[in-house]
Amino acid sequence: MNTPGAPFRGTALGGTSSRAPAGDIAPQHWQGGPLQCGDCCYAALRTQPGEQGCEPGHACMQDVYARRIDRFFNWHPDLGDAQLEHPYFEVRAIAARHASVFRLLAMVDDPDETVRLQIALRLPLAQLIRLANDPHREVRIRVAQRLSPTALASMRNDEDYGVRELVALRMPLALLPLMTSDRDRAVRMRVAQRLEMPALLRMADDTEVEVRRIVAERLPAPLLSRLAADTDWRVRWEVAQRGDAAVLAALQGDEDSEVRQTVAERLGHEVIQLGVAHG
């Protein structure tokens with residue numbers, strides 16, 4: 001056993017824990033150099049057995065390796081509150097997973113986004129809006145995943161399209177028309193996948209074919225004539241899949257062979273069904 005105050009030298013060749021996987025990185029203090037167990041505020045844990053204590057190279061709060069820090073706090077979750085101001089961001093971030101939720105609000109301005117990401121995952125919903133304008137997109141994405149749907153409208157103009165996509169997927173339908181003119185195609189596609197009539201019909205004139213194709217998939221059949229003359233064959237093909245007799249007649253001479261084939265198949269099927277009905 002290492003003597004108090006001496007650097008940890010490990011229990012196996014190369015200075016690693018006997019439990020460390022083969023090829024695992026050697027123990028190292030988060031500031032560089034060897035672990036100094038005697039200088040650790042939890043040095044007394046070295047005398048405790050198994051998961052009641054600590055194990056340099058496997059479960060250690062002073063290690064640079066996040067997995068070892070995580071094992072330490074899994075063994076001692078009650079120590080989370082005490083390490084929320086630790087100078088190493090990995091320690092603060094992992095401690096935040098175990099800390100009391102009443103301590104988390106004070107950390108929304110932590111200088112490291114890894115820490116704020118953990119806060120966004122655990123902060124009570126009533127306080128989560130505090131992170132809606134976080135400078136890091138990953139933090140805002142987590143906020144958009146958890147924030148109550150009615151509060152999401154405040155994030156609909158976020159600078160990152162990934163955040164806005166999540167907003168479009170979760171925002172109440174009554175508010176979703178506010179996003180029909182989003183500047184990003186991917187966001188408008190998400191809007192078109194959920195939007196209800198009559199707002200959906202207004203997206204039939206969208207500048208992007210993928211958006212119009214989704215509109216063609218979801219419009220009520222009697223309104224598909226609105227897209228029967230679309231400039232893109234993919235939209236017209238979707239119309240041919242569901243259009244009524246008048247729409248099919250208009251598409252019989254379509255310039256695209258795929259559209260004409262779909263129309264022919266639909267008309268043939270209708271004739272067969274009619275014959276069966278009168279047989």
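This is a predicted model: local features need pLDDT of at least 70, side-chain atom pairs count only at pLDDT 80 or more; totals for chains, interfaces and linings use all residues.
Let me begin with Asp-256, which is buried (buried means under 20% relative accessible area, exposed over 50%, and partly exposed in between, with a 1.4 Å probe and protein chains only) and yet has no salt bridge, the nearest side chain of opposite charge, that of Arg-236, being 5.4 Å away. By salt bridge I mean a side-chain nitrogen of Lys or Arg within 4 Å of a carboxyl oxygen of Asp or Glu, and for charge, Lys and Arg count as positive and Asp and Glu as negative, with His and the chain ends not counted.

Residues are numbered from 1 along each chain as its sequence is written, and side-chain values use heavy atoms, with hydrogens and water left out.

Where does Asp-256 sit? Asp-256 lies in the loop between helix 11 (245–251) and helix 12 (257–278), helices here being DSSP runs of H or I with at least four residues, and strands runs of E with at least two, numbered from the N terminus. The side chain of Asp-256 reaches the backbone nitrogen of Glu-258 at 2.8 Å, and, leaving aside neighbours within four places in sequence, Asp-256 is in contact (heavy atoms within 4.5 Å) with Trp-233 and Arg-236.

Arg-236 takes us to helix 10, where Val-235, Arg-236, Glu-238, Val-239 and Ala-240 are buried. At the start of helix 10, a side-chain oxygen of Asp-232 comes to within 2.8 Å of the backbone nitrogen of Arg-234.

Now to the salt bridges, of which the structure holds 21. In general, side chains of opposite charge can pair when their charged atoms come close. What does Glu-238 pair with? The side chain of Glu-238 meets that of Arg-213 in a salt bridge, at 3.4 Å from N to O. This pair links distant parts of the chain, since Arg-213 is in helix 9 (residues 209–218) and Glu-238 in helix 10 (residues 233–242), 25 residues apart. Arg-213 counts as partly exposed at 21% relative accessibility, whereas Glu-238 counts as buried at 11%. Salt bridges that share partners join Glu-210, Arg-213, Glu-217, Asp-232, Arg-234 and Glu-238 into one network.

A second pair is formed by Arg-190 and Glu-165, whose side chains meet in a salt bridge at 3.0 Å, N to O. Here too the pair links distant parts of the chain, with Arg-190 in helix 7 (residues 185–194) and Glu-165 in helix 6 (residues 161–170), 25 residues apart. Arg-190 is partly exposed, with a relative accessible area of 24%, and Glu-165, at 15%, counts as buried.

For Arg-68 and Asp-63, which also form a salt bridge, the closest N and O atoms are 3.2 Å apart. Arg-68 counts as buried at 0% relative accessibility, and Asp-63 likewise counts as buried at 0%.

Not counting residues up to four places away in sequence, Ala-192 touches Leu-200, Met-203, Val-211, Ile-214, Val-215 and Arg-218. The C-alpha atoms of Ala-192 and Met-203, which are 11 residues apart along the chain, are separated by 7.3 Å.

Helix 2 (residues 89–98) has 7 of its 10 residues buried, so it is largely enclosed by the rest of the structure. The buried residues of helix 2 include Glu-90 and Arg-92, together with Ala-93 and Ile-94, and what covers them includes helix 1 (66–75) and helix 3 (113–122).

As for the whole chain, there are 12 helices and 0 strands, and 44% of the 279 residues count as buried. Among contacts between residues at least 6 apart in sequence, 29% join residues at least 24 apart.

I close with confidence, where pLDDT is the predictor's confidence in each residue, from 0 to 100. The mean pLDDT of the chain is 90, and 88% of its residues reach 70 or more. Over residues 1–6 the pLDDT is below 50, and this stretch has 13 contacts in the model beyond near neighbours in sequence. Over residues 271–279 the pLDDT stays under 50, and for this stretch the model has 0 contacts beyond four places in sequence.

How values were computed
A polar contact is a pair of N or O atoms within 3.5 Å; within protein, one must be able to donate a hydrogen and the other to accept it, and residues adjacent in sequence count only if both atoms are side-chain atoms.
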